[in-house]
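Here is a short report on a two-chain complex. Please read it with the model open alongside.

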Amino acid sequence: MAASIENRGGMERNEVLDTVAGACWRLAARRAWLWSGRASLSWILAVLALVLARTVIPFTLPYNLLCGLGLAVGVFTFLLLFAAWRVPPLIAAQILDHRFEGADRMATAVEVLAGTHPPTALSSAVVADAARWAAVRSPARSIGWLPGRPMLAAVGLAAVTVAAGGLLTGVSVPGTPARQVAQTIRQEGRRIERTADAMGSQARLDRARASRRMAGSLRRLGEDLQRERLDRFGALSRIESLGREIEAARRQVRARREQSGERPATPDPLLPQQLFRQRAALDRTIRQFQEIAERLAQNPSPDERRSLMRQLEALSEGGSEGEVPTRGREQAAAARRQAAAGNTAGARQALRQGAMDLEDLRAMLADEEGLTQAQRDLRRSADRIARGGSGAPPQSEAPPQAALQPGGAAPGRRQLQQGEGPAEQEPPPGPNQGTTAGQGAAQDRLGERTPRLEGERPQTRIRGMQGEGRAATSDMLGPGRQGQVRAVPGRSGGAVRTEADRYMSRMRIPPEYREIVRRYFEALAGPR
Amino acid sequence: MDAATFRTTFAAIRREIQRVIVGHETLVEHVLYAMFANGHVLLEGVPGLGKTLLVKTLAQCLDLRYSRIQFTPDMMPADIIGTNVVVQDADGRRYFQFQRGPIFSQIVLADEINRATPKTQSALLEAMQERSVTAPGGPYALEEPFLVLATQNPIEMEGTYPLPEAQIDRFMFKLKVESPTLRELLEIMDRTTSSVPPVPSVVATGSEIKAMQALAREVPAADHVRLLAARLVRATHAGDEAAGSLARRFVRYGSSPRGAQALLLTARVRALAEGRVNASTEDIQAVAPGALRHRLILNFEGEAEGVDPDEVIRSILAEVPPTPAASWSP
């Protein structure tokens, strides 16, 4: 009987076996796609969840890369599973019957061909019937082996995730760390914009071209940080990019200073206060050059001329503290020689030339100072943005413990806080704040003293930082006559602000008050 | 006999019966399934639905010897099997001779079987199972094919004797005869009140029926098809771990192995009748109610709540997956 099946059903047998074999690999592929699609879907769902979580918790997420990686994981999983999985022929036949209403033809035929049952009179008819059915219905070819719905859903979800990532960039839920970061970014944008304004106005006064150019870029960055929806990563990237530009400009200015023969004596980069000191010394020297040239033009008496010659000699030797640059010394020496030879016009010409050279040098110093200050501001802003929303203030600006205690803050907080500005973090309450005047809030009244732990209090104050060290003084040279004191007119706001920053960087001032103090000095500088 | 001939003959018999019987297509099919599976059928329905007419028509189509036994409470087993009677020959000698009863036919209509006493009902036991009758003078084999078609009235309880479990288990199918629809009723009126009532013609002989019965046993059934039949039977047992939810609650005794045999045999016949040469899970599911409903013995709770065994079988069919492929993913 079995032999008759083999002999008779050659083609029919092959038809059945081919159909089942085709169904086997297609089902394996379909199954592999299903599971790989689920893997991709799970991955991308997790990415989407992270994208949504960014509206609450600020963190950097390369969602485009992760979505692509999720799809790649799907393809890799497919290849792995397709290579590993095999669908048994009987199962494949049963699936064909089940899906294509085969009434168990294929499964019975496979069992008959496999010799599972003893052959009967209808065994060959079963194989023939299954072969006919397979030829008519082509069930195996109807099984799709291409990526199924889960994989397509994964692709669609990846697109949604990328779109959501773009749309939700900078979006944050109120009252969450992400919103704090967004607010910090906007605050720093305002701060950078104000810094740019101050830098631009100062650069105009100092005729510092590079600073003026960078002030525009700085202002645009500040506006972008306020206007655009940026996340922490985007904001820091922008700041870093501009920081690199400023650094390049600063190096160019420094290179120009070196080319002009004025080799910077201090290491690169200089601190702004060091640059300010150099510039102040240059201002003094320029004023001295101008003053001596003016007095030479007024036919001085022999005593006065001797005094002027001494001054020129001092200048040609570098001044009292060596603050006169090389070009200035050379011009002062030339002027002294001309004056000694009685050539007053030549001496004045040399002094004017020297003043012009020094003014060029001063402009370069102002450029460098402004750019260095901008870099410092950018670094500070980047630091604040990087720490924003984490609940921890920057370490450099961490308030001393005493300032956080009631009574550690200065009065007047409320009035200052109402002004516009970024100081949204409230300073600690003052000693006289409260419902009862001078006694603090009712709930803040002192109770029993808290028992102290035995131990030594660490000395956190650093000695020797303030009021100690070498004090440098210099005489202000002037006409010495009543009504003749002259000074170069100009706005002192930038200098005042710089000085304020300098002192605040030295002193232990709580960060909450730093901006308030700065605004106070800006307010003072404004009317002038 | 081949599968095509089987199908043709089956269709012809069905067609001839349908010339007389209006509607009841499923009923007629199931009666034929049981007949070609060499089983007996218990028909249950109220009077006047055509149960007797169906059996008579079937006998007319098949050219088989037909007898009708009207069961009554005073009927004795000898009235069915036959009895020894005293016979006098030409020499005047008297001797006992076995007088065959109506059971010695090929199609026996046991009308209103539940009206006879259990003693009389049990007279059918051996005939139905062993196809033979033990009587004085030796066992007598019944001529094949042998088919008992019994009827019973479900609503008359007065003066009836419910069939014992052993008796009822010998029926391959218990079929319910439903009332005709309006359209069928109009057709019945037209056919039965005309001057020339339809008469079925003979389309098959006893030997052909036997050949068809033999062919039906040759139909292959895949492992999972046979497994489904076995699992359905196991699911009728309340104590089995694979029991259906309703069976677990309302069934006292489930189906015997005869139920599984009935499922597989009639599924094979159905496959041939449908033009296939293999039994399928659909065949098993189609014949399951008829093959199992009389084999479920409800418990007190089931009886009290009036649970229909068909509900239990439907729940079992819904809960037992027909094929492993149904749960294969994807």
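**Chain A**

The model is predicted. Chain A holds 18 helices and zero strands. Of its 528 residues, 35% count as buried. Among contacts in chain A with a separation of 6 or more, 74% come from residues 24 or more positions apart.

Helix H4 of chain A covers residues 89–99. Nine of the eleven residues of H4(A) are buried, so this helix is largely enclosed by the rest of the structure. The buried residues are A:Leu90, A:Ile91, A:Ala92, A:Ala93, A:Gln94, A:Ile95, A:Leu96, A:Asp97 and A:His98. What do they pack against? In chain A, the buried residues of H4(A) pack against H2 and helix H5 (105–114). In chain B, they pack against H10. Just after H4(A), A:Glu101 has a positive phi of about 50°.

Helix H2 of chain A spans residues 10–53. The axes of H2(A) and H4(A) come within 9 Å and cross at roughly 90°. H2(A) contributes A:Val20, A:Ala23, A:Cys24 and A:Leu27 to the contact. From H4(A) come A:Pro89, A:Ala92, A:Ala93, A:Ile95 and A:Leu96. By class, the contact has nine nonpolar residues, no polar and no charged.

A glycine in another helix is also worth a look. A:Gly222 sits in helix H9 (residues 209–227) of chain A. Is A:Gly222 buried or exposed? With 23 other C-beta atoms within 10 Å, A:Gly222 is buried; the cut-off for a buried residue is 20 or more. Leaving aside residues up to four places away in sequence, A:Gly222 touches A:Gly189, A:Arg190, A:Ile192, A:Glu193 and A:Ala196. A:Thr195 lies 27 residues from A:Gly222 along the chain, and their C-alpha atoms are separated by 9.0 Å.

**Chain B: sheet and hairpin**

Five strands of chain B form an open sheet with parallel pairing. In what order do the strands run? The order is E2-E5-E8-E1-E9. At the edges are strand E2 (66–70) and strand E9 (171–176), each pairing on one side only. On average, neighbouring strands of this sheet are turned by 15° against each other, direction ignored.

Strand E1 (residues 40–44) of chain B pairs with E9(B) in the parallel sense over five bridges. In this pair, B:Leu43 stands opposite B:Leu175 in E9(B).

Elsewhere in chain B there is an antiparallel pair. Strand E3 (residues 82–88) and strand E4 (residues 94–100) of chain B are joined by seven bridges. B:Asn84 stands opposite B:Phe98 in E4(B). E3(B) and E4(B) form a hairpin, with five residues between them. In the turn, B:Gly92 has a positive phi of about 85°.

**Chain B: helix packing**

Helix H3 of chain B covers residues 51–62. H3(B) lies across E1, E2, strand E5 (107–111) and strand E8 (147–152) of chain B. Relative to E5(B), H3(B) runs at about 170°.

Helix H1 (residues 3–20) of chain B also meets H3(B): their axes come within 9 Å and cross at roughly 135°. That angle makes H1(B) oblique to H3(B). The crossing is right-handed. H1(B) supplies B:Ile13, B:Glu16, B:Ile17 and B:Val20 to the contact. H3(B) supplies B:Leu53, B:Thr57, B:Leu58 and B:Cys61. Of the residues in this contact, six are nonpolar, one is polar and one is charged.

| Helix pair | Axis approach | Crossing angle |
|---|---|---|
| H2(A) and H4(A) | within 9 Å | roughly 90° |
| H1(B) and H3(B) | within 9 Å | roughly 135° |

**Where the chains meet**

In the contact between the chains, 20 residues of chain B touch 23 residues of chain A. Two elements give two or more residues to the chain B side: helix H10 (223–235) and helix H13 (281–292) of chain B. H10(B) gives the most, with three residues. By class, the chain B side has eleven nonpolar, five polar and four charged residues. H10 of chain B is also one of the elements that the buried residues of H4(A) pack against.

Technical notes
Residues numbered from 1 in each chain as written. Chains lettered and ligands numbered in written order. Predicted model: local features only at pLDDT ≥ 70, side-chain atom pairs only at ≥ 80, totals over all residues. Pairing = 2+ DSSP bridges. Helix = DSSP H or I, 4+ residues; strand = E, 2+ residues; numbered from the N terminus. Buried ≥ 20, exposed ≤ 12 C-beta atoms within 10 Å, placed from the backbone. Contact = placed C-beta atoms within 7 Å. Nonpolar A, V, L, I, M, F, W, Y, C, P; charged D, E, K, R; others polar. Axes fitted to C-alpha atoms, helices over the stretch in contact; angles between N-to-C directions. Parallel < 35°, antiparallel > 145°, perpendicular 65-115°, else oblique. Left-handed = near helix turned anticlockwise from the far one by under 90°.
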